[in-house]
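Keep the viewer open as you read.

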Amino acid sequence: MVYQYVGHFMIKKKVKSHYAVHTPSRNADCGLTCSEMYALRYAAGYVPRALKNKLEKCKSKNKDLLNCIGDMLNSDDTVQCDSTDWIDCVDRGGLTFVNGLTFEVFLAMELEIRSHLQVDVCKPVNFISDIAPTVKNSEDVLFFWSMLSSNWDEES
């Protein structure tokens with residue numbers, strides 16, 4: 001049984017090295033897997049859509065906020081990447097697409113939240129008091145948010 005196990009293990013390794021298939025399992029820039037990037041792209045589209053629906057149902061429709069949400073949505077200058085290709089594939093006509101800057105804001109928030117959740121597993125974390133203030137004050141989040149909101153009014 002030992003010889004069979006070792007032989008099988010060696011043959012599997014040899015076959016994998018000889019017929020290697022390049023599948024990027026991790027995004028080198030941020031440390032997220034492809035599946036996590038896809039989920040983040042999906043969630044990034046869901047948030048503006050939900051806010052837009054909520055504002056449209058509201059009696060005091062704020063046109064400025066609706067215009068700001070419109071700026072967050074997909075535009076022609078969006079850079080194509082794996083996650084945008086994936087979202088195009090799974091779209092059946094109801095998904096909302098965000099532009100690159102909006103996705104960068106969500107990515108910066110995700111990375112900031114992850115850094116706080118992975119610090120100490122045993123310590124309970126309160127999102128409102130522990131994580132939310134640091135996400136709001138994160139340099140990366142503020143940088144991408146300022147780029148996204150550069151042409152918005154201060155009140156909006």
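A quick word on burial before we start: a residue is called buried when its relative accessible area is under 20%, exposed when that value is over 50%, and partly exposed in between, using a 1.4 Å probe and counting protein chains only. What you are looking at is a predicted model, where local features need pLDDT of at least 70, side-chain atom pairs count only at pLDDT 80 or more, and totals for chains, interfaces and linings use all residues. Residues are numbered from 1 along each chain as its sequence is written, and side-chain values use heavy atoms, with hydrogens and water left out.

Now for the overall picture. Of the 156 residues in the chain, 23% are buried. If you take contacts (heavy atoms within 4.5 Å) between residues at least 6 apart in sequence, 62% of them join residues at least 24 apart. The chain exposes about 11,800 Å², and carbon and sulfur atoms supply 57% of that; such areas come from the Shrake-Rupley method with a 1.4 Å probe, and for residues only the protein chains shown count as cover.

Next, find Arg-114. The bridge from Glu-110 to Arg-114 has its closest N and O atoms 2.8 Å apart. Glu-110 and Arg-114 are four residues apart in helix H5, so about one helical turn separates them. As for accessibility, Arg-114 is partly exposed at 23%, Glu-110 is partly exposed at 25%, and Glu-36 is partly exposed at 28%.

On to the surface patches. Patches are built from residues with over 30% relative accessible area and no salt bridge; like charges are joined within 9 Å, and nonpolar side chains (Val, Leu, Ile, Met, Phe, Trp, Tyr) within 5 Å. Val-2, Tyr-5, Val-6, Phe-9 and Met-10 make up a nonpolar one, with about 540 Å² of accessible area together. Phe-9 belongs to helix H1 (residues 2-18) and is partly exposed at 40%.

There is a negative patch too, made of Asp-64, Asp-153, Glu-154 and Glu-155. For charges, Lys and Arg count as positive and Asp and Glu as negative, while His and the chain ends are not counted; the place of a charge is taken as NZ of Lys, CZ of Arg, CG of Asp or CD of Glu. Asp-153 sits in the segment after helix H7 (139-148) and counts as exposed at 54%.

Finally, look at Leu-142 in helix H7, partly exposed at 43%. Setting aside neighbours within four places in sequence, Leu-142 touches Lys-136 and Asn-137. Leu-142 and Val-105 are 37 residues apart in sequence, and their C-alpha atoms are 8.3 Å apart in space.

How values were computed
A salt bridge is a side-chain nitrogen of Lys or Arg within 4 Å of a carboxyl oxygen of Asp or Glu. Helices (H or I, at least four residues) and strands (E, at least two) are DSSP runs, numbered from the N terminus.
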